[in-house]
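Q: I would like to learn how to read a structure like this one. Please take me through it feature by feature.

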Amino acid sequence: MQQQSRQPDLVEGSLPVFVFPTELVFYADEQASHKQVLTLYNPYEFALKFKVLCTAPNKYTVVDATGAVKPQCCVDIVIRHRDVRACHYRVIDKFRLQVSEQSQRKALGRKEVIATLLPSAAQEQPQVRPQEEERSMKEQLADRVFFEQTAFQTGAFHTFLLLLNTLF
């Protein structure tokens with residue numbers, strides 16, 4: 001009798017997602033920083049499909065906000081900040097990468113990446129946040145709504161900037 005090779009059933013949301021970097025920082029005075037790349041890794045023996053969501057889709061363009069990653073490969077996702085204004089300084093936005101098995105609809109895993117626009121790289125000093133402030137910020141971020149990039153942007157090529165930064 002032949003034994004069938006069967007993958008174990010994965011529980012929705014339990015698959016670890018590997019993305020680098022885990023945080024995006026854009027600088028208003030450095031145009032080169034307005035375009036950044038997220039790399040999504042697939043260390044698994046099966047293909048993954050992915051979707052990138054964002055809390056502020058009007059501020060970013062994501063190239064290839066949906067796609068696939070072959071087994072044991074990676075893909076680069078280009079994210080461009082397209083609304084560099086002072087009113088957006090220090091506002092924390094979030095990108096969420098959701099992955100699923102190529103043939104399935106349910107999201108097997110997700111990873112969140114935070115994105116922040118700062119006025120100048122030269123003026124920024126590393127800050128240590130008190131625990132209370134960090135917890136409050138995490139709670140606020142958890143309550144934000146994510147939107148599909150393509151639903152808010154016109155044109156297929158317009159989907160040119162999205163990435164994930166993880167605060168957690």
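Q: Are D93 and K59 buried or exposed?

A: Buried means under 20% relative accessible area, exposed over 50%, and partly exposed in between, with a 1.4 Å probe and protein chains only. Both D93 and K59 are buried. Keep in mind that this is a predicted model, in which local features need pLDDT of at least 70, side-chain atom pairs count only at pLDDT 80 or more, and totals for chains, interfaces and linings use all residues. Residues are numbered from 1 along each chain as its sequence is written, and side-chain values use heavy atoms, with hydrogens and water left out.

Q: What does D93 form with K59?

A: Side chains of opposite charge can pair when their charged atoms come close. The term salt bridge is used for a side-chain nitrogen of Lys or Arg within 4 Å of a carboxyl oxygen of Asp or Glu. D93 and K59 form such a salt bridge, with their closest N and O atoms 2.8 Å apart. D93 belongs to strand β8 (residues 92-101) and K59 to the loop between β4 (48-54) and β5 (60-62), so the pair ties together parts that are 34 residues apart in sequence.

Q: How many salt bridges does a search of the whole structure find?

A: The search finds four. One of them joins E112 and R96, whose closest N and O atoms are 2.4 Å apart. This pair links distant parts of the chain, as E112 is in strand β9 (residues 109-118) and R96 in strand β8, 16 residues apart. E112 counts as buried at 10% relative accessibility, and R96 counts as buried at 14%. Salt bridges with shared partners join K94, R96 and E112 into one network.

Q: Which residue forms a salt bridge with D83?

A: The partner is R85, and the closest N and O atoms of the two are 2.7 Å apart. D83 is buried, at a relative accessible area of 17%, whereas R85 is partly exposed at 43%.

Q: What is the secondary structure of the protein?

A: Helices (H or I, at least four residues) and strands (E, at least two) are DSSP runs, numbered from the N terminus. Here they come to one helix and 10 strands. Along the sequence the pattern is β-β-β-β-β-β-β-β-β-α-β.

Q: How do I read contacts, and what share of them is between residues 24 or more positions apart?

A: A contact means heavy atoms within 4.5 Å. Of the contacts with a separation of 6 or more, 76% are between residues 24 or more positions apart. Distances between C-alpha atoms give individual cases: I92 and T55 are 37 residues apart in sequence and 9.4 Å apart in space. I92 lies in strand β8 and is buried, with a relative accessible area of 14%. P21 and L38, 17 residues apart in sequence, have their C-alpha atoms 6.2 Å apart. P21 sits in the loop between β1 (18-20) and β2 (23-27).

Q: Which residues make the nonpolar surface patch?

A: Patches are made of residues with over 30% relative accessible area and no salt bridge; like charges are joined within 9 Å, and nonpolar side chains (Val, Leu, Ile, Met, Phe, Trp, Tyr) within 5 Å. Accessible areas come from the Shrake-Rupley method with a 1.4 Å probe, and for residues only the protein chains shown count as cover. F18, F20 and Y41 make a nonpolar patch of about 320 Å². Y41 is in strand β3 (residues 35-42) and is partly exposed, at 37%.

Q: How many disulfides does the structure hold?

A: A disulfide is a pair of cysteine sulfur atoms within 2.5 Å. The structure holds zero. C54 is buried, at 0% relative accessibility.
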